[in-house]
Amino acid sequence: MRNIAARIQTVDDAREFARQRLPKSIFQYYECGSGSDVTTRANLAAFEQVLFRPHVATWHPSRELRTTVLGHEISMPVVISSCGQLAIGHRDGECGVARAAGRAKTLMILSSATSTPIEQVMAAASGPVFFQLYFFGGRDASEPVIERAQRAGAKALVLTVDSPVPSRGPRNRPYRERARLPQGIGLMEALRFAPQALMRPAWFIDYLRDGLRRGSLAPEVAMCLDAQGRPMTRFDGGIKKMHQQTPRWEDIAWVRERWKGPLVIKGVLRADDARRAVDEGADAVIVSNHGANHLDGSMPSLRALPDVVAAVGHKTEVLLDSGVRRGIDVIRAMALGARAVLLGRAYVWPHLAAGEAGVDHILALFRQQVDDGLAYLGVKSIHDLDRSYLDITWPHQHP
Ligand SMILES: Cc1cc2nc3c(=O)[nH]c(=O)nc-3n(C[C@H](O)[C@H](O)[C@H](O)COP(=O)(O)O)c2cc1C
């Protein structure tokens, strides 16, 4: 695994190594955006359309990358976003990611669709862990999960508010390229999936070994319990049934009353929603279009960022994700007012390719790229970045 990790020079390298290692349908689950992929392309294009205006003849022997998020000091403004079901793709799973985040001295947001129970992830983590909540099943189902995350020691609750229906998966792929994820856990589904799995023996052997160690081959969604208190599994349809509710504003106030620590609202793209989130008690907002996984044609979060910062940046921390692939993307977002950025696919693909070592490697690359970027811009600290360093080629059309 170390060898693969060392060969990763870009997030796209990691994507290619992940593609080579995983069965097609599993890879597509982690890779694809929704619908026509318009938003996937727009996310990347938005970053490319923000260019730089560097100061020259300036040299700082070292650059300051440290910052804080909700009072937690992190060594660079790059944090791990909540991505579900990591252990299906690589057995290191959420614990491996938590260890890598801790070594990089940054924080991790653990998904409520985690394949590993929060208690195990907390035991593996050496840095702060925030817990993300989807509000699966509404208030009744969410209350015990909120309490459990609190008991486990999560430092903040990240409430995702942009998911009224489940992601529809890689339906945008041309018919011949589309591959089918198992739809259940019976024998017929296993037989249907077998050809894909047999084409990827390295992944298959790892998956079987991990399943035998855990005593079940069915991938669990560890924080979603069925009526008997057992974790639901990814492919038994239960998750889809629970995924019928997204929190409404009144639910956010309800969550605020129950959660005793900082509350973060994830998935905001509009200034008025950001204001409302802060009015309802959010301590931070995440500008995000869910990595292009939801509304096809959603605007890129980078373009939404300036309005949100203008609306609530003086009162609350504003973070951003969706389309971050390089250290210079971090700099772009920071210069537009983000407190820090979240990595999604940028760490998921290295994890799929090389597990924990892949995440170590990509975080080190991001650190170096941010540091190099600051040096080229003639900036001593990430806190000194502002719009004067940018040449923005997209129109700013919102009030
Ligand atoms: C495979 C995958 C699973 C995800 N699972 C979740 C999740 O469980 N909860 C959540 O709030 N966001 C989830 N997201 C969205 C990410 O937290 C993040 O917003 C997004 O990946 C950022 O976009 P990027 O991947 O283009 O960087 C997921 C994204 C991916 C790619």
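Residues are numbered from 1 along each chain as its sequence is written. The model is predicted, so local features need pLDDT of at least 70 and side-chain atom pairs count only at pLDDT 80 or more, while totals for chains, interfaces and linings use all residues.

Reader: How many helices and strands does the chain have?
Author: Helices (H or I, at least four residues) and strands (E, at least two) are DSSP runs, numbered from the N terminus. Counted this way, the chain has 16 helices and 14 strands.

Reader: What is the radius of gyration of the chain, against that of a compact globule?
Author: The radius is taken over C-alpha atoms, and the globule rule is 2.2 Å times the number of residues to the power 0.38. The C-alpha atoms fill a box of roughly 65 × 50 × 40 Å along the principal axes. For 399 residues a compact globule would come near 21 Å, and the chain agrees with that at 20 Å.

Reader: What share of the residues count as buried?
Author: A residue is buried if 20 or more other C-beta atoms lie within 10 Å of its own, exposed if 12 or fewer, and partly exposed in between, with C-beta atoms placed from the backbone. Of the 399 residues of the chain, the buried share is 50%.

Reader: Which residues have the most contacts inside the largest nonpolar core?
Author: A nonpolar core is a set of buried Ala, Val, Leu, Ile, Met, Phe, Trp, Tyr and Cys residues joined through C-beta atoms within 7 Å. In soluble globular proteins, nonpolar side chains tend to be buried together. Here the largest core has 123 residues, and those with the most contacts inside it are L157, L159, V264, V285 and V308.

Reader: Which residues is L157 in contact with, leaving aside its neighbours within four places in sequence?
Author: Two residues are in contact if their C-beta atoms, placed from the backbone, lie within 7 Å. In strand β7 (residues 157–160), L157 and L159 lie on one side and V158 and T160 on the other, and all are buried. Beyond its sequence neighbours, L157 is in contact with F131, L133, I146, A149, W259, G261, L263 and V264.

Reader: Which residue of β7 is the bridge partner of Q132?
Author: Two strands pair if DSSP finds at least two bridges between them. Strands β6 and β7 pair in the parallel sense over 3 bridges. The partner of Q132 in β7 is V158.

Reader: Which residue of β13 is the bridge partner of L320?
Author: Strand β13 (residues 340–343) pairs in the parallel sense with β4 (residues 78–80) over 3 bridges, and V79 there has L342 as its partner. Strand β12 (residues 317–320) also pairs with β13 in the parallel sense, over 2 bridges. In β13, the partner of L320 is V341.

Reader: Why does M108 count as buried?
Author: M108 sits in strand β5 (residues 108–110). Its contacts outside four places in sequence are I80, V97, A98, A101, A125, G127 and V129. M108 counts as buried because its number of C-beta neighbours inside 10 Å is 27.

Reader: Where is H290, with its positive phi?
Author: Most residues other than glycine have a negative phi. H290 has a positive value, near 65°, and counts as buried with 23 C-beta neighbours inside 10 Å. Its place is the loop between β11 (284–287) and α14.

Reader: Where is F135?
Author: F135 is not a glycine, yet its phi is positive at about 70°. It counts as buried, with 24 C-beta neighbours inside 10 Å. The place of F135 is the loop between β6 (129–133) and α8 (138–152).

Reader: How many residues of α15 are buried?
Author: Helix α15 (327–335) is one of the elements that the buried residues of α4 (38–48) pack against. Among the buried residues of α15 are D329 and R332. The helix is largely enclosed by the rest of the structure, since its buried residues number 9 of the 9.
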